Amino acid sequence: MNDMKPLAHRRPNSALLERLKSVVGPKGWLDQPGDLAPHLADWRRRFQGKTPLLLKPATTAEVAEIVRLCAAAQAAIVPQGGHTGLAGGGTPHDTGDEILLSTARLNRVRALDAANYTITVEAGCILKQVQDAAAAADRLFPLSLAAEGTCQIGGNLSTNAGGIAVLRYGNARDLVLGLEVVLPDGRVWDGLRALRKDNSGYDLKQLFIGAEGTLGIITAAVLRLFPAPKERVTAFAALRDLDAAVDLQARCRAASGDSLVSFELLPRAGIDLALRHIPGVADPLQAKRDYYVLIELTAAAEGSDLRARLETALAAALEDGLLADATIAESAEQARKLWFVREGITELQKYAGVSIKHDISVPVARVPAFIPRAIELCAKMFPGTRPIAFGHVGDGNVHFNVYQPEAMDGGAFLAQGEALSAAIHDLAMELNGSFSAEHGIGRLRLQEMRRYKSDVELDLMRRIKQALDPLDLMNPGKVV
Ligand code: FAD
Ligand code: MLT
Ligand code: ZN
């Protein structure tokens, strides 16, 4: 897959490369092909790039010095966190003249203020590390996604990641109180405020959240924490149909005093794929239906009676014919296994042949209209493809993956898949949705930006980019 934007920056010369190495010292850079390889192909292996140098600064001052030197030489920089992004934003182009800047060594938890319910972390902290630091202080950092053992908080904020707890806690954007950012000219903006109330002018941090590294490099953040959950109930239910999912979600919210955290859709075909390809995955229910949901409720106080409330709600839903069957996990281990099935579907992208991904959202009540119509489009436009719809149905966010026909070559499938993707995105837009719910734009969705964003929106975005990064040195050729 390729985008055609010409890149205006200059190729770094050897003097610049040596100067940059000296900023970070001997442990802070890589330039050998074997060492660089994992940083040059994205997680799904759709994008492959080159770089003359990967830098791993250990402090904000080092990041600022790198950016200053690159700006003076008009050399482009691609920021990279855990490199788990699904839109190709963290992978350099194949021109070989972009400097790769990894935040892996910016990995300190700077402070945790339990009374203020905040944590201050550097961008290279792995998401799991942030969750664990919060848990050690009897607090919750609620951002959670299957890549949490690898992705970094700087990458999460730069993609405005969603995940499995958005229903209750919002996207990454909603969890940020302050940011520290190295701007494209090398200045440091210290916006590390730990305030829930601050109406003093434009909310600058919002510019950098979800900007995918095109406006500056996030080096640290103040994040919101919540009380640690004291009760957790996980359930799995076989749905009558997709309409039942919408109804069931509302019932779960109402019955639990709005304690619903996750409401995830799994299709039968996805479970079958997981059972076939991933060792240790077991079928959670006897009943065979087209769709299932994984439900999780939590409460910050013991004695909240969540299990009984969910049991009652599920029993009523069974009685009313919304469900064919349901089970509630009896232990943390059983709950983990249910989640393993859900996460298995994501992992399958690597094992079950070539797939074309779509990460769409629509208003929740329109999910039952979107999925069958999208499946019908696949059957009509590309017979033999295997569509799998799963994901954060509680947020109206459907991951609609279309697997190649079994007899077809993967490359040929990808080459012909563009028209199908356009039709699926058109459908999401027709239903008042989005063509990118949580994975961002990167290099993958540039065409859709042009197709669906209004001239006004594109103009505003380009003006913001021009104002902050007039030389187009920050992750050029991505997002706008
Ligand atoms: P990277 O991939 O390294 O970078 C992502 C983008 O941010 C790039 O454009 C990069 O240039 C930029 N960037 C990185 N760090 C910085 C920084 N410090 N400053 C400025 N720019 C920066 N995403 C979801 O939203 N929800 C999910 O449920 C979800 N599940 C996933 C499950 C799996 C198995 C995988 C592989 C991915 C999943 N993702 C999901 C996508 C991905 O994990 C997220 O987008 C994540 O936030 C990316 O973090 P990262 O550190 O890997 O960023
Ligand atoms: C997920 O929810 O599992 C992720 O967003 C990854 C995917 O879309 O496959
Ligand atoms: Zn997702």
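**View 1. Polar contacts and surroundings of ligand 2 in the predicted model.** In this predicted model, a side-chain N or O atom of histidine 439 lies 2.7 Å from an oxygen atom of ligand 2. Two further residues approach ligand 2 through polar side-chain atoms: that of threonine 346 is 2.6 Å from a ligand oxygen atom, and that of lysine 357 is 2.7 Å from an oxygen atom of ligand 2. On its own, ligand 2 has 270 Å² of accessible area, of which the protein covers 90%. The residues that surround ligand 2 are Leu86, Arg342, Thr346, Gln349, Lys357, Phe390, His392, His399, Glu438 and His439, and by class this shell divides into 2 nonpolar, 5 polar and 3 charged residues. As for its location, ligand 2 sits in the largest pocket.

**View 2. Backbone contacts of ligand 1.** In this close-up, a backbone N or O atom of proline 79 is found 2.6 Å from an oxygen atom of ligand 1, while a backbone N or O atom of glycine 81 lies 2.7 Å from an oxygen atom of this ligand. At isoleucine 218, a backbone N or O atom is 2.9 Å from a nitrogen atom of ligand 1. The protein buries 97% of the 980 Å² that ligand 1 exposes when taken alone.

**View 3. The shell around ligand 1 and the elements that supply it.** There are 36 residues around ligand 1, and those that come nearest are Pro79, Gly81, Gly82, Thr84 and Gly85. Three elements, the strand β3 (76-80), the helix α5 (153-158) and the strand β10 (217-224), each supply at least two residues of this shell, and the largest share, 4 residues, comes from α5. Divided by class, the shell around ligand 1 holds 11 nonpolar, 23 polar and 2 charged residues. The space that ligand 1 takes up is the largest pocket, and ligand 2 likewise sits in the largest pocket.

**View 4. An aromatic pair between helix α6 and strand β11.** The structure holds 6 aromatic pairs, and one of them, shown here, is formed by tyrosine 169 and phenylalanine 226 in an edge-to-face arrangement, with 4.8 Å from centre to centre and 65° between the planes. Tyrosine 169 belongs to helix α6 (residues 166-169) and phenylalanine 226 to strand β11 (residues 226-227), so the pair ties together parts of the chain that are 57 residues apart in sequence.

Notes. Residues numbered from 1 in each chain as written. Chains lettered and ligands numbered in written order. Predicted model: local features only at pLDDT ≥ 70, side-chain atom pairs only at ≥ 80, totals over all residues. Heavy atoms only, no water. Near = heavy atom within 4 Å. Polar contact = N/O pair within 3.5 Å; in protein donor to acceptor, adjacent residues only side chain to side chain. Areas by Shrake-Rupley, 256 points an atom, 1.4 Å probe, with all protein chains shown as cover. 1 Å grid on protein atoms, 1.4 Å probe; cavity = no way out; pocket = protein on both sides within 12 Å on 5 of 7 lines; lining within 4 Å. Sits in = over half its atoms within 2 Å of the grid points. Nonpolar A, V, L, I, M, F, W, Y, C, P; charged D, E, K, R; others polar. Phe/Tyr/Trp six-rings, centres within 6.5 Å; stacked < 30°, edge-to-face > 60°.
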